[in-house]
Amino acid sequence: MSTVVLLTITGLGLGAMYFLVASGLSLIYGLMGVLNFAHGAFITVGAYGAWFAETKLSGIGSVPLRFLAASVVGLAAGTCFATLVELVLIRPLYLRHIEQVLVTVGVSLATVALVEGIWGSDPKFYVLPPWFSGTTTVAGAYIPNDRWIEIAAAAAVLVGLLTFLRFTRYGLIIRAGVENRAMVTALGIDVKRAFTLVFALGGLAAALAGVLSGIYFTSITPERGTSLLIFAFIVIVIGGLGSIKGSAVASAAVALTQQYVNYYSTGIGDLSVVLLLAIVLLARPAQLAGRTA
Amino acid sequence: MSSAPRPLLEVRDLHVDLGGAHVLQGVSFDVPAGGITALLGRNGVGKTTTLRGVLGLVPRRGQVVLAGERIDREATHRIVRRGVGYVPEDRDVFAGLTVAENLRLAARNGSARYDLVHDLFPELEERARQRAGTLSGGQQQMVAIARALLNPNRLLLIDEPTKGLAPALVSEVAGLLERIAAAETALLVEQNLAVVRRLASSIVVLDQGRVVHVGTAADLDDEALVHRLLGVGHAA
């Protein structure tokens, strides 16, 4: 029983990071039709932004406070970077999908190379509050405390995004734009502002995933963003392109599959996720076209 | 001696290429201020593309002048904000949004005419919380028209509003358009000639991406002309 609890909560912690990456990726594709391979770079910028800030904030004596301040810097860096990518690189290529893919792949590769060039490819470590490395006992299972942080962060982002989409004017525009972007413009709405906002929100969530990945995996590396992005792509295909709730469910399903298969077999957790993707596509091929925010 | 009033909409030498096909090949016509101008033609001659070209929803070349000002270099949302309402073919309501959200999306600051819309379509007020995707075809058409009417318009572009509707609803929609036309100018694409005869004051006929006839609705009483321009199979 304790193993099941441990695997489930650890799986949900991993799923939380997948969701943080996938939610922005899914909204960006749903609204703009942009397959954003640069999303992994937002994760990297967020993670390294927080790490770099932490090294410069040694004046803050309290470890929790320093980590919190560094995280805010990391999130701001990821958000600003995503906004700049949209304004400078994506906007001029509006509706030119092949060029957008090439540019976003280029941003992804260049960001990893730049980070490696400046700080090297060795893992970097956050100085975390001691509570993070402790455990909580649940039904006999010793659950690493950081899993609660990751799950709580993803739940907060899920609720925040759904509230934003449901109750704000821009949320309404985004939900409508995911269904039919041209018709939104035909109602007199400048949908490009919504594009920028969605990129900024996606960058914020991805940067948060970057920071949390440094806790979950105990370190950050330049390639972490790329490896998380691969699973996030699988999540958005399974969950339905453009669907936030679908991304949440699919994130949990993918991560739990990975955890359980990895535990009960040896090292084929990643392969099992690909099989899950294939099963979903065979059972529900329309999933690739699904669009509701 | 007074000169003729300037048309509300002037379309000059409009070209549109879509998917390698030269769909519009130099379309030119005017829409006078007031009343309904019907844009007619067989299926696939470019009627919907003409409306989309005026609105900038497809890449186009040529001149489009609204009330004396060129709009052909402007983005779609700016053209709409100049007072151009659009009722698309197949309604294009946002299926996942409620009726109220569809209307709220279209409403512009301070100018939304909810009273007018609810007067014309009282059913939409009753169904405000219903998802638009669950409405019948006729009800979706009401939402599409209501969205366009919610803001004051100088020109309404209406694309096949009776398409796919039951005969009783066709008459109802025609009646609504008649009320609307009393206050606003409209360019109407419509296949149903009975509706066109009832509503339109002037007509423009397209064939293979070109204007082949400009006249009044009375021209539709000439059976030989209708047969030549619109073909035998055209709904009457």
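Domain bounds come from an automatic or database domain assignment. This is a predicted model, in which local features need pLDDT of at least 70 and side-chain atom pairs count only at pLDDT 80 or more, while totals for chains, interfaces and linings use all residues. Residues are numbered from 1 along each chain as its sequence is written, and chains are lettered from A and ligands numbered from 1 in the order in which they are written.

**Domains of chain B**

- The assignment for chain B gives domain 1 (1–83 + 153–163 + 182–231) and domain 2 (92–152).
- The C-alpha centres of domain 1 and domain 2 of chain B are 25 Å apart.
- In chain B, 4 residues of domain 1 are in contact with 5 residues of domain 2 (C-beta atoms, placed from the backbone, within 7 Å).
- On the side of domain 1 of chain B that touches domain 2 of chain B, 2 residues are nonpolar, 2 are polar and none is charged (Ala, Val, Leu, Ile, Met, Phe, Trp, Tyr, Cys and Pro count as nonpolar, Asp, Glu, Lys and Arg as charged, and the others, Gly among them, as polar).

**Interface of chains A and B**

- Chain B contributes 19 residues to the contact and chain A contributes 15.
- The side of chain B that touches chain A comprises 10 nonpolar, 3 polar and 6 charged residues.

Methods:
Two residues are in contact if their C-beta atoms, placed from the backbone, lie within 7 Å.
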